[in-house]
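Here is a friendly walk through one protein chain, arranged by topic. Please keep the sequence and the 3D view open beside you as you read.

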Amino acid sequence: MAIKAAIKGVGGYVPDYVLTNAELEKMVDTNNEWILERTGISERRILKGDKGTSYLGARAVENLLEKTNTKAEDIDLIICATVTADMHFPAAANMIAHQVGAKNAFSYDINAACSGFVYALSTGSQFIETGRYKKVVIVGADKMSSIVDYTDRTTCVLFGDGAGAVLLEPTEAEEGVMDFVLKTDGAGEPHLHMKAGGSLHPPTHQTIDDKMHYIYQEGMHVFKHAVVSMADVSAEIMERNNLGSDDIAYLVPHQANKRIIDATANRMGVGEEKVMMNIHKYGNTTAATIPLCLMDYENKLKKGDNLVFAAFGGGFTWGAAYIKWAY
């Protein structure tokens, strides 16, 4: 039998501080009704103090290890999907590995914005399938509050901080990561990006004054592309694997905007009762949204359930994965 990579556990972490729509009303020209109608978000979590994304990721991995009764030193590989690593280098994954005591793991980051977890999951699963590694941890973690302009009413209502993690282990059963479809289109760069901080525009007083170190998003353009791309790739993976809407236990979509999620579900023919949704309480945590959904819905999942993960992110990146739940 061919080896597959099965998700054998889920962990997560969100900060204690809750940023509500009511609080945002005092910061920018917006209101609760507008935010709810346009995004479906009621609140989001914010990491306060001198802590970075690695702190979020490490707490999620610690939660995962405790729940699965796994020793940190037994982990072979940690991949962290993030766009808000603590610093350009070392990788957030390296810092997470150190913080949790995964001294035998090698680690690295993947930067694919909101699609990062799907990219990292597909990458990590292949290390398992080769037979080289037995325990791979995939982390999605972002401190989006660190790159959000809280005077920009169009973006500050969307994002929150959080982290989720899954443990991949080998199986010879017909379960685990069954298939994935990954896409990119660099033509999307002008519409969703962070202008400064990299080699093209290193930090200067001018880049700071011009607010170039924050998320820039052309909302309507991104919305149109996200709706089409997430729906298309979800439909493609279902067709490739002969899955009808009745075969799907849950769609697990990136939590960017409730309207995008609804459009993707409609294209797949999946009813609202089959859509994992927690955007109302966390907002868009970028690479963390899908594993945080798994954390919140874990007790509803049954062995053999068919799941479709779908995501769309800046750059543009997008993708879908077909998962058969293993526990």
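**Strands, sites and pockets**

Five bridges connect strand S4 (residues 77-81) with strand S5 (residues 106-110), and the two strands run parallel. Strands count as paired if DSSP finds at least two bridges between them; helices (H or I, at least four residues) and strands (E, at least two) are DSSP runs, numbered from the N terminus. This is a predicted model, in which local features need pLDDT of at least 70, side-chain atom pairs count only at pLDDT 80 or more, and totals for chains, interfaces and linings use all residues. Residues are numbered from 1 along each chain as its sequence is written, and side-chain values use heavy atoms, with hydrogens and water left out.

**Around S4 and S5**
- Leu77 has Phe106 in S5 as its bridge partner.
- Together, S4, helix H4 (residues 92-100) and S5 form a right-handed β-α-β unit; right-handed means that, with the strands pointing away from the viewer, the path from the first strand over the helix to the second runs clockwise.

**Aromatic pairs**
- There are nine aromatic pairs in the structure; rings of Phe, Tyr and Trp (its six-membered ring) pair if their centres lie within 6.5 Å, and planes under 30 degrees apart count as stacked, over 60 as edge-to-face and the rest as tilted.
- Phe106 and Tyr133 make a tilted pair, with 5.9 Å from centre to centre and 50° between the planes.
- This pair links distant parts of the chain, 27 residues apart: Phe106 is in strand S5, while Tyr133 is in the loop between helix H5 (116-129) and strand S6 (136-143).

**What the UniProt record says**
- An unreviewed UniProt entry annotates Cys114, His254 and Asn284 as "active site"; UniProt positions are in the numbering used here, feature names are shortened, and annotations may be inferred rather than shown by experiment.
- These residues span 171 residues in sequence, yet no two of their C-alpha atoms are more than 8.7 Å apart, so they gather at one spot.
- Cys114 sits in the loop between S5 and H5.
- The unreviewed entry in UniProt gives residues 108-186 as "domain: Beta-ketoacyl-[acyl-carrier-protein] synthase III N-terminal"; this span is 18% helix and 39% strand, with its end C-alpha atoms 23 Å apart.
- For residues 238-325, the unreviewed UniProt entry gives "domain: Beta-ketoacyl-[acyl-carrier-protein] synthase III C-terminal"; here the chain is 31% helix and 23% strand, and the end C-alpha atoms are 16 Å apart.

**The second largest pocket**
- Its volume is about 150 Å³, a volume being the space filled by probe spheres set on grid points, which are joined across faces, edges and corners.
- Lining residues include Asp149, Asp152, Lys195, Asp210 and Lys211; on a 1 Å grid over the protein atoms alone, a pocket is an open set of points where a 1.4 Å probe fits, with protein on both sides within 12 Å along at least five of seven lines, and lining residues have an atom within 4 Å of a point.
- By class, the lining has four nonpolar, three polar and five charged residues; Ala, Val, Leu, Ile, Met, Phe, Trp, Tyr, Cys and Pro count as nonpolar, Asp, Glu, Lys and Arg as charged, and the others, Gly among them, as polar.

**Backbone details**
- Phe89 and Pro90 are joined by a cis peptide bond, with omega about 5°.
- Pro90 is in the loop between S4 and H4.
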